[in-house]
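I opened the notebook to go through one chain by topic. The entries below follow the order in which I looked things up.

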Amino acid sequence: MRYDWGDRHAERIVLGRHAGEFTGTVTFLGFARPMEKLRLDGGNLHFEARSQESMNGETREAVRAYAAELRGQAPGKVLAFRMQTRGGFGSHAPIEFAARRVDASVAAGAASEASAAGATAGD
């Protein structure tokens, strides 16, 4: 995924269900963050993730709000996301990207290869 400052990172979204509740993690700059305020609204998915930003000895919290809708027909279905960051240092333009379902064994192998080769995902 390409961020508004130009960096590209292969990010991962993992969704699951535990004790009747939806749970998940989303990576930001390659580090997994827990999904907060996760909810499904019809065919739409909404959640937030938090991280800390530091500059000149000061640390601030940034919150990334994600909204996604299912688009397309099988086998080409994608989750079309829009991510908006608030807080932290400075303002960020909303980022739009698409996520595709990947078999867990394929995703684990791709993550290992990307890490070893320094590869990044497209936007």
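What volume does the second largest cavity have? I find about 30 Å³ for the second largest cavity. I note here that the model is a predicted one.

**Entry: cavities**

I searched the whole structure and got two cavities of 30 Å³ or more. The lining of the second largest cavity consists of Val26, Thr27, Phe28, Arg33, Ala49, Arg50, Ser51, Arg64 and Tyr66. I sorted these lining residues into four nonpolar, two polar and three charged. Strands S2, S5 and S6 each contribute at least two residues to that lining.

I then turned to the largest cavity, whose volume is about 40 Å³. I list its lining as Tyr3, Asp4, Trp5, Phe28, Arg64, Met83, Thr85, His92, Ala93 and Ile95. By class, this lining has six nonpolar, two polar and two charged residues.

**Entry: chain layout**

I counted one helix and eight strands in the chain. Along the sequence I read the order as β-β-β-β-β-β-β-β-α. Of the 123 residues in the chain, 24% are buried. I put the accessible surface of the chain at about 8,100 Å², with 51% of it belonging to carbon and sulfur atoms. I also looked at contacts between residues at least 6 apart in sequence, and 28% of them join residues at least 24 apart.

**Entry: nonpolar core**

Which residues touch the most other members of the largest nonpolar core? I find Phe47, Tyr66, Phe81, Met83 and Phe97, out of 14 residues in that core. The elements giving two or more residues to this core are strands S2 (21-28), S5 (44-55), S6 (58-71), S7 (78-87) and S8 (95-99). S5 gives the most, with three residues. As background, I recall that nonpolar side chains tend to be buried together in soluble globular proteins.

**Entry: His46**

Is His46 buried or exposed? I count His46 as buried because its relative accessibility is 19%, and the limit for buried is under 20%. His46 sits in strand S5. Leaving out neighbours within four places in sequence, I find His46 in contact with Lys37, Leu38, Arg39, Asp41, Tyr66 and Ala67.

**Entry: positive phi**

I checked backbone angles with the reminder that most residues other than glycine have a negative phi. Leu29 is not a glycine, yet I read a positive phi of about 55° there. Leu29 lies in the loop between S2 and strand S3 (31-34). With a relative accessible area of 30%, Leu29 is partly exposed.

Where is Asn56 found? I place Asn56 in the loop between S5 and S6. Asn56 is not a glycine either, and its phi is positive at about 50°. I list Asn56 as exposed, since its relative accessible area is 77% and the limit for exposed is over 50%.

Notes:
Residues numbered from 1 in each chain as written. Predicted model: local features only at pLDDT ≥ 70, side-chain atom pairs only at ≥ 80, totals over all residues. Heavy atoms only, no water. Core = buried A, V, L, I, M, F, W, Y, C linked by side-chain atoms within 4.5 Å. Buried < 20%, exposed > 50% of the residue type's maximum accessible area, 1.4 Å probe, protein only. Helix = DSSP H or I, 4+ residues; strand = E, 2+ residues; numbered from the N terminus. Contact = heavy atoms within 4.5 Å. Areas by Shrake-Rupley, 256 points an atom, 1.4 Å probe, with all protein chains shown as cover. 1 Å grid on protein atoms, 1.4 Å probe; cavity = no way out; pocket = protein on both sides within 12 Å on 5 of 7 lines; lining within 4 Å. Points joined across faces, edges and corners; volume = space filled by probe spheres on them. Nonpolar A, V, L, I, M, F, W, Y, C, P; charged D, E, K, R; others polar.
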